[in-house]
Protein chains: 2
Amino acid sequence: MQAVEISGAGGPEVLKPATRPVPSAGANEILVKVAFAGINGPDLMQRRGLYPPPKGASDLLGLEISGEVAAVGDGVTRWHVGDRVCALTNGGGYAEYCAVLADHCLPIPDGLGLREAASLPETFFTIWSNIFMTAGLSAGETFLVHGGAGGIGTTAIQLGKAFGATVVATDSPGERCDFCSDLGADRVVDYDAEDFVAVVRDTYGGADVILDIVGGPYIARNIKAAKPDGRIVQLAFARGAEVTVDLMPIMLKRLTYTGSTLRSRPDAFKTEVARQLEERVWPLFAEDRLKPVVDKVLPLAEAAEAHRLMESATHKGKILLAC
Amino acid sequence: MQAVEISGAGGPEVLKPATRPVPSAGANEILVKVAFAGINGPDLMQRRGLYPPPKGASDLLGLEISGEVAAVGDGVTRWHVGDRVCALTNGGGYAEYCAVLADHCLPIPDGLGLREAASLPETFFTIWSNIFMTAGLSAGETFLVHGGAGGIGTTAIQLGKAFGATVVATDSPGERCDFCSDLGADRVVDYDAEDFVAVVRDTYGGADVILDIVGGPYIARNIKAAKPDGRIVQLAFARGAEVTVDLMPIMLKRLTYTGSTLRSRPDAFKTEVARQLEERVWPLFAEDRLKPVVDKVLPLAEAAEAHRLMESATHKGKILLAC
């Protein structure tokens with residue numbers, strides 16, 4: 001089959017088309033004929049050699065896919081050859097075929113095509129598990145989302161609104177801020193022009209839940225912006241993780257500071273996330289209360305170009321590969 | 001009535017005997033004829049002027065008491081004049097009488113006297129709420145307790161063991177380390193001689209839950225000592241809260257870093273803690289699975305001396321005043 005492999009740690013140019021054997025569906029797995037694969041932040045880290053794949057995982061990039069079931073492994077009862085699915089993978093999505101755990105697959109939401117469905121798994125598993133299951137965001141709470149126009153951010157804004165939170169999003173001025181408004185954010189903060197701490201405290205009395213991918217100087221500011229009993233979730237540290245910070249408010253305001261990476265979660269946890277997504281979130285697409293946000297689709301062979309686009313941070317929503 | 005008041009922010013010498021009117025039991029309150037009052041860390045902070053009492057609270061120190069019910073306010077059905085109780089107060093314990101919310105009172109555990117019972121509320125409310133309700137310590141997990149021989153530490157070690165955790169305690173060499181062993185700690189770390197990070201990681205693969213009152217350089221070390229999915233609870237910052245620290249492991253290990261102060265918790269939360277303590281913890285005293293740890297009892301008029309003893313940090317367990 002055709003695939004794109006990492007010829008050596010480095011820039012986007014290290015991504016090279018290659019021919020690989022079609023993987024087989026092991027026990028409890030299905031083999032998917034990949035239609036589209038999503039590009040995610042961890043892919044860039046892995047390409048640079050900073051995020052090695054876990055033991056036993058494919059060395060190919062690609063953490064989410066959509067496509068048609070081409071074969072089913074032992075023990076799989078739910079899926080059949082020809083079914084259309086989207087899936088969270090353990091790597092291997094930048095290819096014509098990918099083997100995935102059957103329990104990490106979901107049906108294509110009603111009303112969506114394979115293209116849109118490929119954009120969902122990574123960010124929906126991430127936001128649902130961190131913001132709803134762990135941080136317990138609930139209706140009526142204030143939810144501060146940094147980087148609102150990115151892949152993680154667009155999902156966070158939409159899920160926050162769908163479940164009744166007041167959403168404040170930060171991003172760069174102009175098009176990206178406007179995009180956050182279009183997605184339903186109640187208040188958008190242009191981070192060049194306004195102080196999000198002041199906005200959130202003055203307008204909403206602080207944030208109940210904060211989703212951060214920036215880190216660095218944002219860490220102390222998030223602690224200031226949080227309400228008593230607030231929860232701060234760190235999903236990346238774009239501006240660094242080593243900081244000098246006064247942690248006293250963690251105790252005085254009873255804050256919870258936590259974070260995670262999705263790939264390292266145990267399989268059983270991901271299965272539970274998939275179950276909750278199918279039950280509570282997937283129906284919202286048919287009701288038009290959620291919409292996938294696809295910025296651009298490039299052919300698999302142009303994965304390097306897709307990475308360049310991702311690194312420019314000018315995209316709004318997901319970048320996909322047509323495999 | 002006799003009481004001890006703070007004549008001005010400062011050292012133990014600012015604590016002066018004084019005569020005050022007997023408080024009255026408001027709605028949902030009871031008036032307790034105080035037998036014993038416990039001394040706690042926040043008392044020292046308040047005496048120094050660093051921890052002002054919340055609005056509406058007594059200006060007198062004393063966050064926990066035992067004694068006999070002298071009067072009941074409107075709406076109180078559970079308690080009657082003459083009942084013996086122990087209680088979490090909102091201040092005012094360093095006195096002959098103290099008014100407390102009826103829902104924050106508990107019976108004297110079977111087999112204990114008023115003296116022992118006065119030593120329980122502050123640390124048992126604190127450990128139960130933070131370590132069991134929030135951090136979810138469960139049987140089979142490893143629980144690292146810093147300052148194991150202090151008031152908070154002795155309660156943490158005993159509750160950890162009573163509910164099936166493996167307990168590692170740190171404290172200063174000699175008597176205090178020995179005392180942690182006597183209380184049931186599975187492993188005691190003399191912090192002058194051993195690195196608790198190495199001990200916990202090498203022997204137990206890390207800690208699931210960490211209780212810290214030290215802060216400062218311990219913060220980065222706690223993050224290193226924690227297992228994946230570990231929870232770190234900060235209840236004081238004896239060595240400072242402003243630190244330079246690498247927070248990346250919070251994300252990579254999915255840690256939860258949190259903390260609280262007991263006094264600022266809402267009344268309804270304290271009521272729920274009291275309910276759980278009575279149901280799940282109080283019976284363990286009669287079964288000899290928990291024992292109160294009283295270091296010394298001084299007369300109310302010697303509160304200044306009791307504070308000196310507390311500040312020397314040579315005590316093991318609680319210091320009480322006989323009121």
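**Briefing on the predicted model**

In chain B, strand 8 (residues 142-146) and strand 11 (residues 207-212) pair in the parallel sense, joined over three bridges. The model is a predicted one.

- Within the pairing of strands 8 and 11 of chain B, V145(B) has L211(B), in strand 11, as its bridge partner.

**The interface between chain A and chain B**

- Contact between the chains involves 27 residues of chain B and 27 residues of chain A.
- Together the two chains bury about 2,300 Å², of which 63% is on carbon and sulfur atoms.
- L247(B), M251(B) and R254(B) supply 27% of the area that chain B buries against chain A, more than any other three residues.
- On the side of chain B that touches chain A, the elements giving two or more residues are strand 13 (242-246), helix 8 (248-252) and strand 14 (256-259) of chain B.
- Strand 13 of chain B provides the largest share of that side, namely five residues.
- By class, the side of chain B that touches chain A comprises 15 nonpolar, eight polar and four charged residues.
- Across this interface there are 10 residue pairs in polar contact, while the count of salt bridges between chain B and chain A is zero.

**Strand 13 across the two chains**

- Strand 13 (residues 242-246) of chain A pairs with strand 13 of chain B in the antiparallel sense, over five bridges.
- E242(A) has D246(B), in strand 13 of chain B, as its bridge partner.

**Salt bridges**

- Side chains of opposite charge can pair when their charged atoms come close.
- Over all chains, the count comes to 36 salt bridges.
- One salt bridge joins the side chains of K161(A) and D186(A), at 2.8 Å from N to O.
- K161(A) lies in helix 4 (residues 151-162) of chain A, and D186(A) lies in the loop between helix 5 (175-182) and strand 10 of chain A, so the pair ties together parts that are 25 residues apart in sequence.

Terms used:
Residues numbered from 1 in each chain as written. Chains lettered and ligands numbered in written order. Predicted model: local features only at pLDDT ≥ 70, side-chain atom pairs only at ≥ 80, totals over all residues. Heavy atoms only, no water. Pairing = 2+ DSSP bridges. Helix = DSSP H or I, 4+ residues; strand = E, 2+ residues; numbered from the N terminus. Contact = heavy atoms within 4.5 Å. Buried area = accessible area lost by both parts, 1.4 Å probe. Salt bridge = Lys/Arg side-chain N within 4 Å of Asp/Glu carboxyl O. Polar contact = N/O pair within 3.5 Å; in protein donor to acceptor, adjacent residues only side chain to side chain. Nonpolar A, V, L, I, M, F, W, Y, C, P; charged D, E, K, R; others polar.
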